[in-house]
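Good morning, and thank you for coming.

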Amino acid sequence: CAWSRSLVAVASSALSFLSYAVATDIDEISADEFAKEISSMLNVTAMTEGAFGSEYRTGSDEFSTGRLIVKSKYRIDTMNAVSVVCGYDDLWVLQFDNPDDARNAYYSYLSDSKIEYTETDKEVYALFSDATLSEGMSYSDEEEHTYLSWGPEYIGIDKLNRNISISNTETFDTVVAVIDTGVDHEHPYLKDRVLPTRINTSTSGTRNSSMDDNGHGTQVAGVIIDSTMDNVLVQPYKVLDSHGTGTVISLAAGINCAVEDGVDVINISVGFEEDSAILKSAVDNAELNDIPVISASGNDGTTKKYYPASYDNVLKVTAVNQSSIVTNFSTYDNGVSFAAPGFEIRTTNLGGGFIKTRGTSVAAPFVTAVVAAVYSYRPNALSEEIYEIICNTCVQISEHNSAIKYGNGIIRAPEYPD
């Protein structure tokens, strides 16, 4: 279900519709339909800033978006919500006119035994590093090079790719979901290997288009495509806007769409600093469907937890430099799974160009690339089997407290497609 009412002028006919919508049975909708209704809600909210409030208000108030996420298999009192989306997985997303109305509803829902959980919809963002350098290179500048960056050869995926070709090993198309700012599917280096979607839960770009208008997702996709053979394809889900920001519900909706679409691997170089029931549920949905999720650990150089990377069913990735040292910006803790190249990585950028960047955002897709490459010749393998393979081939680091920064070790692709 989905309904909204204008704060500027509410006609009597609209009130009649509102009463009808609240009174009728709720039809179940798909993840795709849910994402599109969430997109409409967020965009209406952003466009009516004077009435609803800015989509991304500043300040520390956890109710700043004026939006709540509630899970209940029962019909709930929508309180003073001005817009509601429901019908998927017992979720209710409610937009309120102001933070105070959202706060009052939140505490009311907490005391309702029929509600499984309620949380505020908070901001999430692309995990940029503080140093991104545009090289202003054209596509033709890169045609003579085997790989864009030092990463593929460092992790040994170049040898795996070569040995797959030499041995005539049968490979299958493997689809990697990039949950991010979208991907520039018109980039000459990427265009033949990107499967655009109609999912855009952000507040920018073209509706029903996964075209990137920020660059972050295109950089992530470039690492995956540069590292793998042509049978590995990228499928973008645009959940962040042109500033690289979104909300928990926009991210969770994108993940659920990827799961519903049956992708093979999910890369999320996005995060925020708080646990979230709806985000955990989306990640659990991927696990239930045996889809591995790889995520960037964060770029603040502390032991702070970022989500979804810090969930135990997500592969958390830190960044190393060419000397195999974890970078000082990598966020680390006992939950790290692998380290991967994430320093001075050349990759694709908006407008057909290339860029040299650093961060765990570009480290995670190297792990994703290895997972996807193994899936391509072992399409029936369970995710646990893939995990065991890459644990056995990674480079283990024996220094003191290495596990909190390197996890199992530095990612290394199998040399042969066994």
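Let us begin with contacts, where contact means heavy atoms within 4.5 Å. Among contacts in the protein chain between residues at least 6 apart in sequence, 75% join residues at least 24 apart. Please note that this is a predicted model, in which local features need pLDDT of at least 70 and side-chain atom pairs count only at pLDDT 80 or more, while totals for chains, interfaces and linings use all residues. Residues are numbered from 1 along each chain as its sequence is written, and side-chain values use heavy atoms, leaving out hydrogens and water.

The protein chain has 13 helices and 17 strands; these are DSSP runs numbered from the N terminus, helices being H or I of at least four residues and strands E of at least two.

How do we describe two packed helices? We use the angle between their axes and the distance between the axes. Axes are lines fitted to C-alpha atoms, for helices over the stretch in contact, and angles run from 0 to 180 degrees between N-to-C directions.

Consider helix α2 (residues 31-47) and helix α9 (residues 248-260): their axes come within 8 Å and cross at roughly 155°. That makes α2 roughly antiparallel to α9, the term for angles over 145 degrees. In this contact, A31, D32, F34, A35, I38 and L42 of α2 meet I249, S250, A253, N256, C257 and E260 of α9.

Finally, the axes of helix α11 (residues 360-377) and helix α12 (residues 383-393) come within 10 Å and cross at roughly 115°. Here V370, V371, V374 and Y375 in α11 meet S383, I386, I389 and I390 in α12.

Technical notes. Angles under 35 degrees count as roughly parallel, over 145 as roughly antiparallel, 65 to 115 as roughly perpendicular and the rest as oblique.
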